[in-house]
Amino acid sequence: MTTKRQKADVVIVGLGWSGALMAEELTRAGLNVVAIDRGAWTDTSTHTPPSVDPDELRWSQRKELLSPPRDNTATFRNTLDQTAIPTRNWGVFELGGGVGGAGFHWAGMGWRFSPWDFEVRKQTIERYGLAKAEDGELQLQDWGVTYDELEPFYDRWERIAGVSGRAGVIKGEKTGVGNPFEGSRSRDYPTPALKTLRAMELFNDATNRMGLNPFTIPTANLSEPYVNPLGVSMGACSYCGFCLYFGCGNFSKSSPQACIFPVLMRRPNFTVLTKSCVTRLTKANDGKTVTGAVYVDEQGNEVEQPADIVILTAFMMDNTRILLHSGISKPYDPRDQTGVVGRNFTFQTVSGTDMWFEDDNINPFIGAGALGSQIDDYNGDNFDHSDLDFIGGAGILTLSRDGLPIAKANALPPGTQRWGSEFKKSYAKYYRNYATIFNQGCSMPTKTGYMDLDPNFKDKFGVPLLRLTYDYAQSDRNMAKFTMDRSLEIAREMGASHVNGFNFADKPFTTAIVASDHVIGGVPMGADRPTSAVNPYLQSWDCHNLFVVGASAFPTNAGYNPTGTVGALAIRTARAIADTYVKNPGALVEG
Amino acid sequence: MNRRGALFSLGAMAAAAATPVRALEMKGYPTDMSMDPAFLPRPAIHGGSFQVLTADIDRRTVTAVFDRLIPADDLGASASEAGCVEFLDMQLAGPFGEGASLYRKGPKLPNEDELAQTPQFIETPRERYATGLAALEAFAQKTEGASFADLPEPRQDAILKGMEDGTVDLGPDVNTKAFFELMLINVREGYFSDPIYGGNKDMVGWKMIGFPGARYDYRLYADRTGEDLGLEPVSLIPRD
Amino acid sequence: MANWKAIGGSVAVVAAVAAAGAGWWAYDTLETSRSDVADDRVTLADFKADPEAVARGEYVMRTGDCAACHTKGMGDFAGGYEIATPFGVLVSSNITPDATGIGAMTERDFFNALRQGIGQHGLLYPAMPYTAYKNLTDGDMHDLWAYMSTVPPVRNDIDETAGMRFPFNIRLAMAGWDMLFFENTGFDGDPVADRGRYIVDGGGHCSACHSPRNLLSAEVSSKYLQGGSLGTSYAPEITSNEYLGVGGQSVESIAQYLRTGTDGVAVAAGPMAEAVEHSLQYLSDEDLTAMATYLKSVPGSDAVAPPPLAADSLKQGALEYEISCSACHGPRGEGMGLLAPAFAGNAAMLAPDITNLSHALMVGGRASSTHENPTGAGMPSFAWKYTDAQMAEILDYVRNSWGNAAPPVKVEDIAKMRADSGARDKLSIPQ
């Protein structure tokens, strides 16, 4: 029997970046907010202090901060005629295991998307004609929000996270430093860029010689102590090299814990229920609203948390699955491309080049999760695609992230024996002389790339797993090949003695091998009701008191990491709720 | 709190009084600063008695395999000298060996390995070792008439190479290539993980490649790009 | 104020002396004519307060930090805070205007209690800092009375001394202590012109913690504000002494510390964090500046920096510092913004009493959280990582680097902290 808690003004499902940002805004506006998270409480000094954090086996190999496939996984197939298989071991789904979500173990890439990324369809048609946008496979659609509309909220997120970087374009003027291709910013980053490390020096010198435009990636690994607009203090990155899959011991990697919890947790109108997993939402009889969220607590009891406003801020898979399992809005049907929930799954299309140098000292152990240099000359629509067989592009970057010795043991020049004395000799030589170029490519939705509920496999609560059907669009495959060739040119210019290009998109997509962990879509936003599940304020078209926030809302995916855009959208939605919705509950957009 | 007044009760809320529910409900910032016990480092001290590799033949096979994968040479100790066999035993005895993080619900579908592009398992690593080590020993007995551990090193290398490239097949119960990869990753884990887990004795693996270990601040070194910094490695927990 | 909670235990020892001493000497200390300015007819429960007086009174309450000791789970000021002493448990009283609280007190009763320790059930234990509150002016007392009348009454019947063992449960015994150590006079200066001293010695009762105490737990006036031990923590010297006190700090930085919990060098934690959170952050800049100015004028101890320990002896500590500490406290001991304290230029690190340092290493701690600086970052415990001797090496390093100099830390002091705090032993590792 389902027991019922006292009603809240707002229930938030999932207390990661999106949930924490929204809870902060909404509690500050005076609303009584209950957040429900399936993870346990996790924090800096009591869980991952500097003397616990630097442990590759535990956090990177065994991934103890993540939610394991046993508890959260999905099935996948490439085509509609296949039987989907469960993702049994670690793969592309790198969900957070504790409160704070993946925002606790992430690397800290502090990107904005480019203006083009929000209007891929419109701009492709305008510049290259309809045939380029509608090739029979792609299912392009715009976001219903533009970069310029989102800019103030990007700015706010960067201020909360304290992102370190150097602006390339401020108020329409190129600064002469930073990324000259970026969307215009209202002001510079809150903290200066991190140091330039050895791999970055080699990359910057080479790309400058090639007439390209290298810049330091904006990082949510902070270059100096910082106080954010909430009054929360953060530390300075110590280049320890334990970010991705790790916590941060010295408060310098932005996270809900480091940036928001110190104020949010102390607000009397905020409550968080931990170790409680939401499985479905309850709908009102009128069919136009939802009434709360039902969760299973640690003891296996099913409990309902009623609320006037329901906000899904879980991982994109879970946002999608909860809607499907609750029967909210029409599921997407790939045969006729109708329906909206599960629509437009996208990934990232990754290629790149591994490089080995002679007698250098890259010293990979000095690094930060997001630290690296990038060129955007081949990203988005920054280059002419008229004579190319694809749209979009990739951020081509080199990383100074980490020197984890178990993981790096695979990074040996091609042809080297992977064991025996030859392995030891090669690894002793190249551990400190290896670097990589990673092309983080955009991902365009296709008509058959979608998610629904799996007919065969269930989770521990008996709820069907999400089933993912996806393979790379041919346009993206062509893009990955193109950018791999660019990265090979750069690697050679950098002076590498051995280069080895790689391209994940020359094979079918799989969830079992990590090309990227940026899985996207399922509850797409848009101004066009038939092709989107939520409106430009991430409000459900069908239930006006339901908001579905996160990367589930991206209708297309860019050649950048998603967190900054997730943060900006969350803040924009929270402001719309606090400023407009609570005064007059109803649809914020006509559709 | 005027905005709260602007909200009206939406939809068909049940009028029944809310039932008090016990939950892990948190209000306020926790003040207890002790380490969460579940997050304390978990050093693994073997103590000599094996928990999973209890059979002498299994230990001999693992030792022989590991010492071909990471042999003793002028770059440092062998895997077994560095504690990797004990490391493996303790890993297989714990959550890793149990496959605690894996989604293991059956059935295993016939197309799983092909679609995933990497072998999938319902079996736990502990079970895979049990099956794999027995099959490897049987293979050696059948083809060489001797235990794998007693074969000359070149012959051991040849069998391992065959397992790696798929030319040796240990039989229908074992995905031979995958078993080779499992042993390879585990021996690397033992050789390059923190010594608190029982391998990497005297930080031999870290010294071999120049990894400074469980340090947490390189600000004093980060500007010295391209230099050999000569930093001594350190473990997560120092000796007394 | 909060710090008294730690002291409460030790003061009870004087009951033994006092039981013998209670006699006619009490005549002077129990003389209550100073309270005659207060009304003796209207009870707190019936008092109708002037809103302006209430507002001023709330400020007086903040300086005195009444809630710190008189609040525990039953509502603000409803009492119930348990003070464990070697002689039993003393429970703080309900001071709301309820019948189970002080609702039946008149203003004159209130004056007698606060300024002379004469309560409605007999003499108060000096865990209640009437030795400092005696300095409150009549005006501040009137305002505080007015404020207390507006506190919501809470029904919470408390027997303050039920947990005290005989003879320490005899309140009259306190007369002897008062006779020995309590001077029954008001503030001896101008509360306006000497505003800093008035707050420090009055409501703020800083010396309750920051002055050492004699064997009978009375403050040693000759060592006023030169540092005091509170058992599990140490309140450092806050005089003009430049080595251990605040003499080397600017008035602005002291005031910033009191207002926000940090001046970017030191960070308040433990009992001082409570003082900052509940009391000091509410004080005006003018008052905090006055307090800082006064503290910088207080004659200090004669402590001077010794020669620093030889660098050779600090090498192991330096390595451990780089591995475990510098990520937050800085490669050069410079700290980390407002989050983690600096060690360079932080006089509080150098005190001969290392209780705060060993406690932080063993148990961890949380910095204060204030409106202006809410973070309240955590210091993790290192009990599992280091032996007592290794902790001593680390402390010797930080106390003798970046211009610091302090005598060597005694390993047995750290061992004692490990035992007293119940911290775990260092984890065993493969050898």
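A residue is termed buried if 20 or more other C-beta atoms lie within 10 Å of its own, exposed if 12 or fewer do, and partly exposed in between, with C-beta atoms placed from the backbone. By this criterion A:Leu538 counts as buried, because 31 C-beta neighbours lie inside 10 Å. The model is predicted: local features need pLDDT of at least 70, side-chain atom pairs count only at pLDDT 80 or more, and totals for chains, interfaces and linings use all residues. Residues are numbered from 1 along each chain as its sequence is written, while chains are lettered from A and ligands numbered from 1 in the order in which they are written.

Secondary structure is described by DSSP runs numbered from the N terminus, namely helices (H or I, at least four residues) and strands (E, at least two). Chain B contains eight helices and one strand, arranged from the N terminus in the order α-β-α-α-α-α-α-α-α. The C-alpha trace of this chain spans about 85 × 55 × 40 Å along its principal axes. Its radius of gyration is 25 Å, whereas a compact globule of 240 residues would have a value near 18 Å; the radius is taken over C-alpha atoms, and the globule rule is 2.2 Å times the number of residues to the power 0.38. Of the 240 residues in chain B, 42% are buried. Two residues are in contact if their C-beta atoms, placed from the backbone, lie within 7 Å. Among the contacts in chain B with a separation of 6 or more, 60% are between residues 24 or more positions apart.

Several backbone features stand out. Most residues other than glycine have a negative phi, and most peptide bonds are trans. In chain B, a cis peptide bond with omega of about -5° joins B:Gly106 and B:Pro107, and B:Pro107 lies in the loop between α3 (84–93) and α4 (112–116). A:Leu538, which is not a glycine, has a positive phi near 60° and belongs to the loop between β23 (520–522) and β24 (546–548) of chain A. In chain C, the non-glycine residue C:Leu225 has a positive phi of about 65°. C:Leu225 is placed in the loop between α11 (207–210) and β6 (228–229) and is buried, because it has 29 C-beta neighbours inside 10 Å.

Chain C is assigned domain 1 (3–186), domain 2 (240–297) and domain 3 (311–421), with bounds from an automatic or database domain assignment. Seven residues from domain 1 and seven residues from domain 2 form the contact between these two domains. On the domain 1 side, α1 (3–11), α4 (51–64) and α5 (66–70) each supply at least two residues.

Between chains, 21 residues of chain A are in contact with 20 residues of chain C. Two or more residues on the chain A side are given by each of α2 (44–47) and α9 (261–264), and the largest share, three residues, comes from α2(A). This side comprises ten nonpolar residues, ten polar residues and one charged residue; Ala, Val, Leu, Ile, Met, Phe, Trp, Tyr, Cys and Pro count as nonpolar, Asp, Glu, Lys and Arg as charged, and the others, Gly among them, as polar. B:Thr225, in the segment after α8 (204–209) of chain B, touches A:Leu197, A:Arg198 and A:Glu201, not counting residues up to four places away in sequence. B:Thr225 counts as buried because it has 20 C-beta neighbours inside 10 Å.
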